[in-house]
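Please read the following note beside the sequence and the structure. The points are numbered so that each may be checked in turn.

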Amino acid sequence: ECFRRLMPSQFDRMGRDGGVMIRGFIPSADLLPRMTFPGDIDLLVIPYEGEDLIVSSALAIELKAVRPTFQKQGKSPGDFGFSQAAGMLQHGFPYVAVGHLIVSDASPEYAWRKVLQTKIIDAAAGTVEEPWETAVDMMPADLIKRSFGRLQANCRFPELGLLASYVSESGSWFPQGKQATFNGLVSADTMLAIAHYYEQHVDSFLDTPKYPPRLA
């Protein structure tokens, strides 16, 4: 879902044998010897279709952790990550994004809000049980909205994709994001370096298909 927010066109074009290869925390100099800033590529995402790696749609993401609490929900990272992302644009990565990953404590139950909940009967048919009312800690949704709003308000690089996502040990929350656009400074040498790095470190990439194998 995070990739879909950042690269919706690429995601929609993917067929049944498409997906992405993901590698985290790559020392920049291992990929591009001349690259000193940022010192690491926090996340490199390379789409594929069948046996073909689509290096021209490679996405480099600068990640920042955001750690608010119930008492301090407006807390923001000391560094938004834009300067590091700008460095990746200058070095010619095809697509670049900044992602804020949010972790927090839980709200006390008195602050929970009433929502409607349902259970899926048949996903293919789109049928669900009759909704019922329940109380839920909605602070994660509020934090995602606040974090994404700050990203939008402070970003000065229109090419950058933006992402705010809540990290939870149980359950999932839909992220908010803005599409990354093609880098006008894209470098053929950088794309070749990405392909070469993948060939040399293929076993360290996480293969993430668009569809689970049983649905492919």
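**Note on the predicted model**

1. In the protein chain, 65% of the contacts with a separation of 6 or more are made by residues 24 or more positions apart; a contact means heavy atoms within 4.5 Å. The model is a predicted one, in which local features need pLDDT of at least 70 and side-chain atom pairs count only at pLDDT 80 or more, while totals for chains, interfaces and linings use all residues. Residues are numbered from 1 along each chain as its sequence is written, and side-chain values use heavy atoms, with hydrogens and water left out.

2. The protein chain holds 6 helices and 12 strands. These elements are DSSP runs numbered from the N terminus, with H or I over at least four residues for helices and E over at least two for strands. The C-alpha trace spans about 55 × 45 × 30 Å along its principal axes. Of the 216 residues, 41% are buried; buried means under 20% relative accessible area, exposed over 50%, and partly exposed in between (1.4 Å probe, protein chains only).

3. Helix α4 (residues 82–90) is largely enclosed by the rest of the structure, because 7 of its 9 residues are buried. These buried residues are F82, Q84, A85, A86, G87, M88 and L89. They pack against β2, β4, β5 (95–102), α5 (139–154) and β10. After α4 comes G92, with a positive phi near 85°.

4. Strand β4 is likewise largely enclosed by the rest of the structure, since 7 of its 8 residues are buried. β4 pairs with β2 in the antiparallel sense over 3 bridges, and with β5 in the parallel sense over 8 bridges. Two strands pair if DSSP finds at least two bridges between them. Residue A60 of β4 is the bridge partner of L44, and A60 also has V96 in β5 as a bridge partner.

5. The largest pocket has a volume of about 470 Å³. On a 1 Å grid over the protein atoms alone, a pocket is an open set of points where a 1.4 Å probe fits, with protein on both sides within 12 Å along at least five of seven lines; lining residues have an atom within 4 Å of a point. Grid points are joined across faces, edges and corners, and a volume is the space filled by probe spheres set on the points. The lining has 23 residues, and E1, C2, F3, V20 and I22 lie nearest the centre of this pocket. The elements giving two or more residues to this lining are α1 (2–6), β1 (18–27), β2 (40–49), β4 (59–66), β10 (161–166) and β12 (206–209). α1 supplies the largest share, 4 residues.

6. Ala, Val, Leu, Ile, Met, Phe, Trp, Tyr, Cys and Pro count as nonpolar, Asp, Glu, Lys and Arg as charged, and the others, Gly among them, as polar.

7. The second largest pocket contains about 220 Å³ of space. Its lining consists of V136, M138, A141, I144, S172, W173, F174 and Q176. This lining divides into 6 nonpolar, 2 polar and no charged residues.

8. How many disulfides are found in the whole structure? The search finds 0, a disulfide being a pair of cysteine sulfur atoms within 2.5 Å. For C2, the nearest cysteine sulfur is that of C155, 17 Å away. C2 is partly exposed, with a relative accessible area of 29%, whereas C155 counts as buried at 14%.
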